[in-house]
Amino acid sequence: MTALPARDYAAFLFDMDGTILTSIIAAERVWADWARSHGLDVDVFLPTIHGKRSVDTVRGLGLPDIDAEAEAHRITLAEIEDVDGIEAIAGVAAFLATLPAERWAIVTSAPRALAQARIAAAGLPLPPVLVAAEDVKHGKPAPDPFLLGAEKLGMRPEECLVFEDTLAGLQSAAAAGMDSVMVTATHKHPVETDVTGVPDYDDLRAIRTGEGLLQLQRTRS
């Protein structure tokens, strides 16, 4: 069993897809349809969509005569309509319920409207601070999203612990100067990283210290 970060934190920052909820089935349905319409190899393409903003994924393909912003918008609208199969990661609802509202945020690569739709579909709370795709100029793996999340909470970056599931997200957190925990609930293949991995939140709890900070612990030794 790998050790959790041993220090205390002022706040926790959570990615959304694959970290607090699973939307793989719904997302891949929409993206597969889009990929087929553009003659892409679906099996090769789908693993590349996770952890990044839709517009960055589309733009990165370099397809001719494609308006990346317009295509990403159409994909987002389709994803908002398709929330079938979206579920919360095991134990996350109870875990989030123990956190003070001013001490956690969601930092996602999804557009705000899509994030709100998926969070509602998963039956999870919407925190006061939600950083979405349109809030930053540079998405993950750039540090901008997590830096903005810390700023909106009024915390220094080094005071925050990030929960992520993708390599791009872990790179974003590291670039922001933040420690991370990797949630592996939706992983089909191992991610090569030295970041501590947890399958879900069933064995986790957040303890409030005497100084009002948060300490991540396991419920079972």
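A residue is termed buried under 20% relative accessible area, exposed over 50% and partly exposed in between, with a 1.4 Å probe and protein chains only. The structure is a predicted model, in which local features need pLDDT of at least 70, side-chain atom pairs count only at pLDDT 80 or more, and totals for chains, interfaces and linings use all residues. Residues are numbered from 1 along each chain as its sequence is written, and side-chain values use heavy atoms, with hydrogens and water left out.

**View 1. Glu71 in helix 4.** Glu71 belongs to helix 4 (residues 68–81); helices (H or I, at least four residues) and strands (E, at least two) are DSSP runs numbered from the N terminus. With a relative accessible area of 10%, Glu71 is buried. Contacts (heavy atoms within 4.5 Å) link Glu71 to Trp34, His38, Val58 and Ile66, its neighbours within four places in sequence being left aside.

View 2. Six strands form an open sheet in the order 5-4-1-6-7-8, with parallel pairing. Strand 5 (130–131) and strand 8 are the edge strands, each pairing on one side only. Two strands are taken to pair if DSSP finds at least two bridges between them. Strand 1 and strand 6 pair in the parallel sense over four bridges, and Phe12 has Leu161 in strand 6 as its bridge partner.

**View 3. Strand 7 and its two partners.** Strand 7 (residues 179–183) is largely enclosed by the rest of the structure, because four of its five residues are buried. Strand 6 (residues 160–164) runs parallel to strand 7 and is joined to it by four bridges; Val162 stands opposite Ser180 in strand 7. Strand 8 (residues 197–198) is likewise parallel to strand 7, with two bridges between them, and Met182 has Gly197 in strand 8 as its bridge partner. Strand 6, helix 8 (residues 167–175) and strand 7 together make a right-handed β-α-β unit: with the strands pointing away from the viewer, the path from the first strand over the helix to the second runs clockwise.

**View 4. Asp8 ahead of strand 1.** Asp8 lies in the segment before strand 1 (11–14) and counts as partly exposed, at 24% relative accessibility. Beyond residues up to four places away in sequence, Asp8 touches Thr209, Leu213, Leu214 and Gln215. The side chains of Asp8 and Gln215 are joined by a polar contact of 2.8 Å; such a contact is a pair of N or O atoms within 3.5 Å, and within protein one must be able to donate a hydrogen and the other to accept it, while residues adjacent in sequence count only if both atoms are side-chain atoms. Asp8 and Arg208, 200 residues apart in sequence, are 9.1 Å apart in space, C-alpha to C-alpha.
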